[in-house]
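Subject: Structure handover

Hello,

Here is the structure I promised to pass on. Please open it alongside this message; my notes follow below.

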Amino acid sequence: MKYSTNHWNNINKVYILLIKIPKGKVSTYKAVSQATGIHPRAVSRILHANKEPEKYPCYKIVKSDGRLGGYGGPGGVKRKKELLERDGIEIMNGKVDLKKYLHIFSKI
DNA sequence: AGCGCGGCTTTTC
DNA sequence: CGAAAAGCCGCGC
């Protein structure tokens, strides 16, 4: 099988990667997917089911083309944008400059 | 080159 | 069991 199916292990990996993202950087669903071996769909699902958003900043995960995608928290995407800007990330035309702000994960 | 459409995979209700 | 969800990729026009 191409992707991991161990629920607990997958969730763990995603959260670990999330907290490893330094301030002022973001990541993408795809990057997390590749780093963890989880399907992008599953990643989004895990992030949405995140029970501790303060610990695991799901807002730092954007789509592969730089757009924010969605946000399941209060305020929706607007809130997500604010949080990103608070971290010093510029959002131009509703998109994040991945070349500047994408965090590359070291091996997991 | 840009837009629209459908398929794919996993998790949750 | 069936459907939906915070996405991604490939194809056709």
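**Salt bridges**

D65 is partly exposed, with a relative accessible area of 39% (buried means under 20%, exposed over 50%, partly exposed in between, with a 1.4 Å probe and protein chains only). D65 pairs with R67 in a salt bridge, with the closest N and O atoms 2.9 Å apart. A salt bridge here is a side-chain nitrogen of Lys or Arg within 4 Å of a carboxyl oxygen of Asp or Glu. R67 is partly exposed too, at 43%.

Before the rest, some ground rules. This is a predicted model, in which local features need pLDDT of at least 70 and side-chain atom pairs count only at pLDDT 80 or more, while totals for chains, interfaces and linings use all residues. Residues are numbered from 1 along each chain as its sequence is written, chains are lettered from A and ligands numbered from 1 in the order in which they are written, and side-chain values use heavy atoms, with hydrogens and water left out.

The whole structure holds five salt bridges. One joins R79 and E82, at 3.8 Å from N to O. Both residues sit in helix α4, three residues apart, about one turn of the helix. (Helices are DSSP runs of H or I, at least four residues; strands are runs of E, at least two; both are numbered from the N terminus.) R79 is partly exposed at 37% relative accessible area, and E82 is partly exposed at 43%.

Another links K100 to E90, with the closest N and O atoms 3.6 Å apart. This pair connects distant parts of the chain: K100 is in helix α5, and E90 is in the loop between α4 and β3 (91-92), ten residues apart. E90 is partly exposed, at 41%. K60, R86 and D87 are joined into one network by salt bridges that share partners.

**The core**

The largest nonpolar core has 29 residues. Such a core is a set of buried Ala, Val, Leu, Ile, Met, Phe, Trp, Tyr and Cys residues joined through side-chain atoms within 4.5 Å. V14, L18, V26, L47, L84 and V96 touch the most other members. At least two residues each come from α1, α2 (29-36), α3, β2 (61-62), α4 (76-86) and α5 (98-101). Leaving out residues up to four places away in sequence, L84 touches V26, Y59, K60, V62, L68, I89, I91 and V96 (contact means heavy atoms within 4.5 Å).

**DNA strand B**

Which residues surround DNA strand B? They are T5, H7, N10, H39, R41, A42 and R45, where near means a heavy atom within 4 Å. A polar side-chain atom of H39 lies 3.3 Å from a sugar or linking oxygen. Helix α3 gives the largest share of this surface, three residues.

**DNA strand C**

DNA strand C is surrounded by 14 residues; the closest are Y29, K30, R41, H48 and S64. Of its atoms within 4 Å of the protein, 48% belong to sugar or phosphate and the rest to bases. A side-chain N or O atom of K30 is 2.9 Å from a phosphate oxygen. A polar side-chain atom of R41 lies 3.2 Å from a base nitrogen. For G70, a polar backbone atom is 3.3 Å from a base nitrogen. Helix α3 gives the most to this surface, with six residues.

Best wishes

Definitions and conventions:
Polar contact = N/O pair within 3.5 Å; in protein donor to acceptor, adjacent residues only side chain to side chain.
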